[in-house]
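Please keep the sequence and the model at hand while reading.

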Amino acid sequence: MTFEQARNAIIAGLEAHIGYPVTLSDQIADMPEFPYGYYSVLAPRIQTYTFGLREVVEREDGFALVRSEPVAATISFTFCSMNRESEDGGYIYGEDEALALAEKANGFFLLNGHNIATEYGEIVVNNVGNVSSRTSFWVEDTIRRYGFDVRFSYIRTDEMPTGPVSKPPNAAGGVKQ
């Protein structure tokens with residue numbers, strides 16, 4: 001599994017659980033409507049200092065050299081809201097809405113998102129950080145933000161085409177003259 005495959009599975013599960021999109025931070029785009037969530041990749045590959053498993057695998061179109069190793073990654077999640085009037089004439093407190101959304105997302109990783117099965121392998125959540133305030137001032141108002149970090153593990157797999165492994169000529173020793 002690649003980091004991208006793991007990240008996409010995590011984000012898809014989280015979005016389905018909370019009912020709102022969670023987008024990559026620091027993108028050039030219009031500001032989404034409140035409430036919204038975003039994520040930042042803090043560490044896409046944290047080695048566990050193993051050599052990994054190397055093997056030659058026969059595929060339909062030839063052979064492939066496959067290397068697999070357990071790795072970890074960390075993603076930071078932030079959920080945002082702002083004080084505003086609702087469509088039905090009521091009032092939404094951004095503080096409450098952002099905190100509720102962050103708590104619901106945090107619960108996803110503690111419950112049904114603790115192990116995520118994908119077609120590429122398993123993603124295991126190792127550590128779910130505490131929800132904490134990340135509030136910031138924006139022009140004339142305050143955007144309420146709450147977030148947390150998640151560390152997860154998966155088996156990273158790299159693959160490249162290769163020929164069959166064979167014994168080189170005159171492998172018994174010496175240079176043939």
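## Aromatic rings in the interior

In this predicted model, F79 and F148 are both buried. The structure holds ten aromatic pairs. One of them is formed by F77 and F109, whose ring centres lie 5.3 Å apart and whose planes meet at 35 degrees, so that the pair counts as tilted.

Taken together, ring pairs link Y39, F77, F79, F108, F109 and F148 into a cluster.

## Helix α1 and the arginine R7

Helix α1 covers residues 3-18, and at 1.5 Å a residue its 16 residues should span 22 Å; the C-alpha atoms at its ends are 22 Å apart, which agrees with that expectation. The residues of α1 that are buried are F3, A6, R7, A9, I10, I11, L14 and I18. As background to such a list, an α-helix has 3.6 residues a turn, so residues three or four places apart point the same way. After α1 comes G19, whose phi is positive, near 80 degrees.

R7, which lies in helix α1, is a charged residue that is buried and yet has no salt bridge. The nearest side chain of opposite charge belongs to E4, and it is 4.1 Å away, whereas a salt bridge would require the charged atoms to be within 4 Å. The side chain of R7 does take part in a polar contact of 2.9 Å with the side chain of N8. When residues up to four places away in sequence are not counted, R7 touches Y39 and I75, and Y39 is also one of the residues in the ring cluster described above.

## The loop glycine G52

G52 is found in the loop between β2 (36-47) and β3 (53-59). With a relative accessibility of 36%, G52 counts as partly exposed, because that class lies between the limits of 20% and 50%. Once its neighbours within four places in sequence are left aside, G52 is in contact with R67, S68 and E69. The C-alpha atom of G52 is also separated by 9.4 Å from that of T157, although these two residues are 105 residues apart along the chain.

## The chain as a whole

The secondary structure of the protein chain comes to two helices and eleven strands. Read from the N terminus on, these elements run α-β-β-β-β-β-β-α-β-β-β-β-β. Of the 177 residues of the protein chain, 33% count as buried. Among the contacts in the protein chain with a separation of 6 or more, 65% are accounted for by residues 24 or more positions apart.

Notes:
Residues are numbered from 1 along each chain as its sequence is written. This is a predicted model: local features need pLDDT of at least 70, side-chain atom pairs count only at pLDDT 80 or more; totals for chains, interfaces and linings use all residues. Side-chain values use heavy atoms; hydrogens and water are left out. Helices (H or I, at least four residues) and strands (E, at least two) are DSSP runs, numbered from the N terminus. The expected span of a helix is 1.5 Å times one less than its number of residues. Buried means under 20% relative accessible area, exposed over 50%, partly exposed in between (1.4 Å probe, protein chains only). Lys and Arg count as positive and Asp and Glu as negative; His and the chain ends are not counted. A polar contact is a pair of N or O atoms within 3.5 Å; within protein, one must be able to donate a hydrogen and the other to accept it, and residues adjacent in sequence count only if both atoms are side-chain atoms. Contact means heavy atoms within 4.5 Å. Rings of Phe, Tyr and Trp (its six-membered ring) pair if their centres lie within 6.5 Å; planes under 30 degrees apart count as stacked, over 60 as edge-to-face and the rest as tilted.
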